[in-house]
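Welcome! Please take a moment to look over the structure below before reading on.

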Amino acid sequence: MGKDVIIACDFASREQTLAFLDRFEGEKPFVKIGMELFYAEGPGMVREIRKRGHRIFLDLKLHDIPNTVKKAMSVLRDLDVDITNLHAAGTIAMMEAAVEGLTRPDGTRPLLIAVTQLTSTDQAAMERDLWIDRPLDQVVLHYAKNARQAGLDGVVCSPLEAGRVHEVCGADFLTVTPGVRFADAAADDQKRVMTPAEARRIGSDYIVVGRPITQAEDPVAAWERCRREFVD
Ligand code: C5P
């Protein structure tokens, strides 16, 4: 797996998603399927996109008791996605159970990455609502270390955190970073953004890009620009 741009297919239906992907004609971008589309259309949607030849990051962010997560992961492993994820807050035991559930009888499995603290959670909310009074960046690194210890392959984090995660967990520990915007575009509701080129400089392995591509007048050109700035 090399550096790549993952398009967040945050669409509400199968029709919208396939119409979007059809615009790419022969090209097969790496796509992210999230909760909205998965809950609306089910696993058949994942199989269909897979059959069209796309690589898939299935972003369902599991978080439950270890046995339940293990069983859910053993269902997801048969969808043959490339990357899936869970919340590191579910503990090391939950993450270890997830790895077990995701591993196929032949020993292969999709990459498994952890959400540390959501980028929508700030220091104040973490202290007030979660009663975690350590600095947010330390919490993120601690969760990343837990994920590494449990045998996971990386974390979802802000591009600003990717460099430190690599320092602490190793260069081969994947950092998958949303919150990416072109230098000449609006940030939308993202608070802390980086351009594809900055994300590349800071060492992100994959960037997750939604609206700058999905809402672009020419999504294929936007995707190509993103890849030029991030990958080439
Ligand atoms: O449209 P935009 O580029 O902001 O989309 C970013 C994608 O990454 C969305 O699917 C969003 O849910 C996801 N994401 C995020 N921040 C996180 C985790 C996931 O923006 N911390």
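This report covers the pocket, the ligand and the cavity in turn.

## About the model

This is a predicted model, in which local features need pLDDT of at least 70, side-chain atom pairs count only at pLDDT 80 or more, and totals for chains, interfaces and linings use all residues. Residues are numbered from 1 along each chain as its sequence is written, and side-chain values use heavy atoms, with hydrogens and water left out.

## The largest pocket

Let us start with open space. On a 1 Å grid over the protein atoms alone, a pocket is an open set of points with protein on both sides within 12 Å along at least five of seven lines, while a cavity is a set where a 1.4 Å probe fits but cannot get out; lining residues have an atom within 4 Å of a point. The largest pocket holds about 870 Å³ of space. It is lined by 35 residues, and those closest to its centre are Lys32, Lys61, Thr119, Pro178 and Gln190.

Helices (DSSP runs of H or I, at least four residues) and strands (runs of E, at least two) are numbered from the N terminus. At least two lining residues come from each of β2 (30–34), α2 (35–41), β3 (56–62), β8 (206–209) and α10 (211–214), and β3 gives the most, with three. Sorted by class, the lining has 12 nonpolar, 12 polar and 11 charged residues.

## The ligand

Where does the ligand sit? Its place is the largest pocket, where "sits in" asks that more than half of its atoms lie within 2 Å of the grid points. Both β8 and α10 give two or more residues to the shell around the ligand. Residues count as near if one of their heavy atoms lies within 4 Å; among them are Ala8, Asp10, Pro178 and Gln190.

The distance is 2.9 Å from Lys32 to a ligand oxygen, 2.7 Å from Thr119 to a ligand nitrogen, and 2.7 Å from Arg211 to a ligand oxygen. Taken alone, the ligand exposes 460 Å², and the protein buries 83% of that (areas by the Shrake-Rupley method with a 1.4 Å probe).

## The cavity

There is one cavity of 30 Å³ or more. The largest cavity has about 30 Å³ of space, and its lining includes Gln117, Leu118, Thr119 and Arg192. By class, that lining has three nonpolar, three polar and two charged residues.

Conventions. Points joined across faces, edges and corners; volume = space filled by probe spheres on them. Nonpolar A, V, L, I, M, F, W, Y, C, P; charged D, E, K, R; others polar. Polar contact = N/O pair within 3.5 Å; in protein donor to acceptor, adjacent residues only side chain to side chain.
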